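Dear colleague,

Please read them with the coordinates open beside you.

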Amino acid sequence: MADRAGRRVALANLNAVFGEEYSASEKRRIVRRSYQHFAQTMLDLMWSPRLTSSNFHRYIDFEWPQELQPGENVIIACYHYSNFEWLSLACGFQGLRGTILAQEFKNSVLDPIFRRLRQQSGHFFIPRTGGILRVFKVLRRGGSTAMLIDLTVPPGSSAVAINCLGLPKSVTPAHAWLHQRTAVALIPAHCEPLQHGRYRIVFHPRIHLGPNATVTEIAQACWDIFEPVVRANPSPWLWMYKHWRYRPIQTDHSYPFYSAPHATFEQMLAKK
């Protein structure tokens, strides 16, 4: 209730994506639940030092594909859906550890606190600045990585335009580029809430598009696997985030109030 600005963004996002599919009261409920899921994720992260490799299965179930083996060299493509922090920790406890890029906080005092919490299951977190090259080298040496791929990035050479819930969006191609350059398996995964504060980690089939696939096609394929999850249960996604900061100059679709045309984004759309 205190975050009026974020609540306005969330409702605008829902209006742009779902239109009249949900009533005004249903959209308010989705927004409230979205905040609750995010708050629970942060509280669970603070509680997570109590998790260990021997007890985490009390709280987390796995849908583990048969072709994925613990310790395998992989790129995990994740989303800000339900408890994405515990998804990372659970993978580490399960034996799927990697080098992971992390966005630095505006308040630098928070960085060591969150790094310590996030590394307790065996991952190694590095800053985003210059991090992609380091991750590339890790993958070439047989290591693994995971990254959140659903946030907006500024249009440019380090972005691609994908269709996200019916609206074009500028996102990172880092996971797609790493997969393309290293041939390491790319596997989308998400966390979904269960009853009584428990969660299920769902690993989707690995991406198979062939050697000639572009980074845009690979990034779109990752999102296409996840989009039905959001449509079926939108509440756990991060709706208060400005997912569609950029919009086409000419469009018949209704966009959130914060969206604006961007020349570079228009060029990206023209190349699709």
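Helix 3 makes the greatest contribution to the lining of the largest pocket, supplying four residues, and please bear in mind throughout that this is a predicted model. The volume of that largest pocket is about 1400 Å³, and 38 residues line it, with H80, Q103, R128, L148 and L151 lying nearest its centre. Two or more lining residues of the largest pocket come from each of helix 2 (24-47), helix 3 (84-94), strand 3 (99-102), helix 4 (110-118), strand 5 (145-148) and helix 6.

Strand 6 (160-164), helix 7 (215-232) and helix 8 (263-271) are the elements giving two or more residues to the lining of the second largest pocket, and among them helix 8 gives the most, with four residues. The lining of the second largest pocket is made up of five nonpolar, six polar and two charged residues.

The largest cavity has a volume of about 90 Å³, and of its 14 lining residues the closest to the centre are I76, L96, H123, T145 and A146. Strand 2 (74-78), helix 3 and strand 5 each provide at least two residues of the lining of the largest cavity, which divides by class into eight nonpolar, five polar and one charged.

For the second largest cavity, the volume is about 40 Å³, and the lining consists of Y79, I149, I162, V171, H175, A219 and W223. Six of the residues lining the second largest cavity are nonpolar and one is polar, with no charged residue.

Finally, I looked at H179, which sits in helix 6, a helix spanning residues 174-182. Is H179 buried or exposed? Its relative accessible area is 16%, and because buried means under 20%, H179 counts as buried. Once its neighbours within four places in sequence are set aside, H179 is in contact with I75, V184, A185, L186, I207 and I218.

With best regards

Methods: Residues are numbered from 1 along each chain as its sequence is written. This is a predicted model: local features need pLDDT of at least 70, side-chain atom pairs count only at pLDDT 80 or more; totals for chains, interfaces and linings use all residues. Side-chain values use heavy atoms; hydrogens and water are left out. Buried means under 20% relative accessible area, exposed over 50%, partly exposed in between (1.4 Å probe, protein chains only). Contact means heavy atoms within 4.5 Å. On a 1 Å grid over the protein atoms alone, a cavity is a set of points where a 1.4 Å probe fits but cannot get out, and a pocket is an open set with protein on both sides within 12 Å along at least five of seven lines; lining residues have an atom within 4 Å of a point. Grid points are joined across faces, edges and corners, and a volume is the space filled by probe spheres set on the points. Ala, Val, Leu, Ile, Met, Phe, Trp, Tyr, Cys and Pro count as nonpolar, Asp, Glu, Lys and Arg as charged, and the others, Gly among them, as polar.
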